[in-house]
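Trainee: I would like to learn how to read the features of a helical model. Please take them one at a time.

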Amino acid sequence: MLNVFEHRSQQLLPPRHFLRRVARFAAISTGIIGVSLAIGSAGYHWVAGLPWIDALLNASMILTGMGPVDRMETAPGKLFSAGYALFSGVAFVSFAAVFMAPFIHRFLHALHLDAEGDAPEAGR
């Protein structure tokens, strides 16, 4: 039977495997940014009526938190811009979390290994 208080310690991933994990998470993060940028560009083009290059510029600026470039003149454009700005905040936090996950996991795992090495073994 599994005892939840027992823990089998595992070593840190070798650097080669860790770099492969970082690359995988970076690819996922890039995908999140790419999909978010595509949504924004398409919305600014079709809903707000901006040319593609201006739509891409506005989507990029909103996604990075810099703010819009072009003033929205129509109500649908303004509504899309507001919704995209809210979406972009969540997308950016998601991107940052996914990208940083392997580094944070490795750091916490290393701290856990250090803590286990310092504590005396109970019952042995």
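**Reading the helices and rings**

Mentor: Start with burial: in α2, the buried residues are Ala 55, Asn 58, Ala 59, Ile 62 and Leu 63. Seen down the axis of α2, these residues fall within an arc of 125°, so they line one face of the helix. The arc is taken over the directions from the helix axis to the C-beta atoms. Buried means under 20% relative accessible area, exposed over 50%, and partly exposed in between, with a 1.4 Å probe and protein chains only. An α-helix has 3.6 residues a turn, so residues three or four places apart point the same way.

Trainee: What kind of model is this, and how are residues numbered?

Mentor: It is a predicted model, in which local features need pLDDT of at least 70 and side-chain atom pairs count only at pLDDT 80 or more, while totals for chains, interfaces and linings use all residues. Residues are numbered from 1 along each chain as its sequence is written, and side-chain values use heavy atoms, with hydrogens and water left out.

Trainee: How many helices and strands are in the protein chain?

Mentor: Helices (H or I, at least four residues) and strands (E, at least two) are DSSP runs, numbered from the N terminus. The protein chain has three helices and zero strands. Of its 124 residues, 21% count as buried.

Trainee: What span should helix α2 have?

Mentor: The expected span is 1.5 Å times one less than the number of residues. The twelve residues of α2 (residues 52-63) should span 16 Å, and the end C-alpha atoms are 16 Å apart, which agrees. Helix α1 (residues 15-46), with 32 residues, reaches 46 Å from first C-alpha to last, close to the 46 Å expected.

Trainee: How many aromatic pairs are there?

Mentor: Rings of Phe, Tyr and Trp (its six-membered ring) pair if their centres lie within 6.5 Å; planes under 30 degrees apart count as stacked, over 60 as edge-to-face and the rest as tilted. That rule gives nine aromatic pairs. One of them joins Phe 18 and Phe 103, edge-to-face at 5.8 Å centre to centre with 80° between the planes. Phe 18 lies in α1 and Phe 103 in α3 (residues 75-118), so the pair ties together parts 85 residues apart in sequence.

Trainee: Is Phe 18 buried or exposed?

Mentor: Phe 18 is buried, at 11% relative accessibility, whereas Phe 103 is partly exposed at 33%.
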